[in-house]
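This report goes through the fold and the surface of one protein model. Please read it alongside the sequence and the coordinates.

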Amino acid sequence: MSIAIDAMGGDYAPKEIVEGTILAAQESSGRRTLILVGDPKRIHEFLDPQQAKDLNIEIRPASEVIHMHETPVAGLRKKKDSSIARAVELVKKGQAEAVVSAGNTGACVAATKLKLRFLKGIDRPAIATVMPNLFGTNILIDAGATVDCSPEHLIQFAVMGMCYAKYVLKKENPRIGLLNVGEEESKGNHLTKETFKILRKTSLNFVGNVEGRDVFRNVADVTVTDGFVGNVALKAAEGSAKLLQNFLKQEIVKSWPSKLGALLMKKSFERMKRRLDYAEYGGAPLLGVDGVCIISHGRSNAKAMKNAIRVADEFIQNKVNRHIEDEMDRVHRSLLNEVPS
């Protein structure tokens, strides 16, 4: 089957998107068809027709682009021939199994919600973002797709995050944590308190409430929250990481001993940079829709797009959506067993 790629979405489109698609096709040896959706003329500036044929890359035309500053739903209504809309339609029609986009996140979420149905047992989608920590990674879900949530939605997010961790990241029995203002069961607002009660009754490996700092420690494999809090947490983490990098650069250039020390630690700094680099993780899956949707960072370069396409391929191979439906059914049955007859 195929993966549809929004060739016009992102700050560096179409150049970096096309080059990332070429890298992905080279690594997969043409095993899966990659479909670039966008302006054929601009795409061909970076992709030779013969090269596309050799690498099993196709081009599907789309005459419009929804830019980052545009309102998602309004953009989709006005620009029916946008690259993101056409890419999602390929999934809807069964001509592709996945869509990858570095464009307007809101438009990507809106397009999938409008054009694709939800998985059985799922009422709202969620963005699952991989966060690096001292001992590996932690999935933060939701990172911005659904800002107003009920406890039932957070239970669904927990199941989806668990399936991502288990079947893609290969964590045997993923630990689920609920993001809160304290570890105690009594802490939090109505949403977190009610969600805590339900999670405790499920068959999931629920470890309780976790605080913001625990996202970067080995406390849980999946951290569950609503899209409003999750997006704020994600952006705060990105800003903090960038601030620390800038602080380090400022201190290094202040003296010759610092510069010498930095030179001696060059390889260590490079390894640290890779662990913090979003390009290494590719993109964040939008979970809950009947199809695979990978949302990449707006500043994605070719490396990030190559890895985003790899993540999409992993989701397809590991049949994550089917596992989500099976796990939701299992969780529902476990909750029913808790209800007194």
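This is a predicted model: local features need pLDDT of at least 70, side-chain atom pairs count only at pLDDT 80 or more; totals for chains, interfaces and linings use all residues.

Residues are numbered from 1 along each chain as its sequence is written, and side-chain values use heavy atoms, with hydrogens and water left out.

**The sheet**

An open, mixed sheet is built from 11 strands in the order E3-E2-E1-E4-E11-E10-E5-E6-E9-E7-E8. Strands (E, at least two residues) and helices (H or I, at least four) are DSSP runs numbered from the N terminus, and two strands pair if DSSP finds at least two bridges between them. Strand E3 (57–61) and strand E8 (206–210) are the edges; each has a single partner strand, so one side of each is left without a neighbour in the sheet. From one strand to the next, the twist averages 25 degrees. Here axes are lines fitted to C-alpha atoms, for helices over the stretch in contact, and angles between N-to-C directions run from 0 to 180 degrees. Within the sheet, strand E5 (residues 126–133) pairs with strand E10 (residues 284–287) in the antiparallel sense, over 2 bridges. Ile-127 has Leu-286 of E10 as its bridge partner.

**Helix H5**

Of the 10 residues in helix H5 (residues 83–92), 8 are buried, and the helix is mostly covered. Buried means under 20% relative accessible area, exposed over 50%, and partly exposed in between (1.4 Å probe, protein chains only). Among the buried residues are Ile-84, Val-88, Glu-89 and Leu-90. The buried residues of H5 pack against strand E1 (2–6), strand E2 (33–38), E3, helix H4 (72–78), strand E4 (98–101) and helix H6 (105–115); contact here means heavy atoms within 4.5 Å. Just after H5, Gly-94 has a positive phi of about 80 degrees.

**Salt bridges**

The whole structure holds 24 salt bridges, each defined as a side-chain nitrogen of Lys or Arg within 4 Å of a carboxyl oxygen of Asp or Glu. Three of them are listed here.

| Pair | N to O distance |
|---|---|
| Arg-175 and Asp-221 | 3.1 Å |
| Glu-184 and Lys-187 | 3.2 Å |
| Glu-251 and Lys-254 | 3.1 Å |

Salt bridges that share partners also join Asp-81, Arg-86, Glu-89 and Lys-115 into one network.

What does the bridge between Arg-175 and Asp-221 tie together? Arg-175 is in the loop between helix H7 (151–167) and strand E7 (176–179), and Asp-221 is in the loop between E8 and strand E9 (222–224), so the pair links parts that are 46 residues apart in sequence. Arg-175 is partly exposed because its relative accessibility is 22%, whereas Asp-221, at 10%, is buried.

Glu-184 is partly exposed at 43% relative accessibility, and Lys-187 is partly exposed at 35%. In the remaining pair of the table, Glu-251 is partly exposed at 44%, while Lys-254 is exposed at 60%.

**A nonpolar patch**

Val-147, Phe-228, Val-229 and Val-232 make a nonpolar surface patch of about 340 Å². Patches are made of residues with over 30% relative accessible area and no salt bridge, with like charges joined within 9 Å and nonpolar side chains (Val, Leu, Ile, Met, Phe, Trp, Tyr) within 5 Å. Accessible areas come from the Shrake-Rupley method with a 1.4 Å probe, and for residues only the protein chains shown count as cover. Phe-228 sits in helix H9 (residues 227–252) and counts as exposed because its relative accessibility is 53%.
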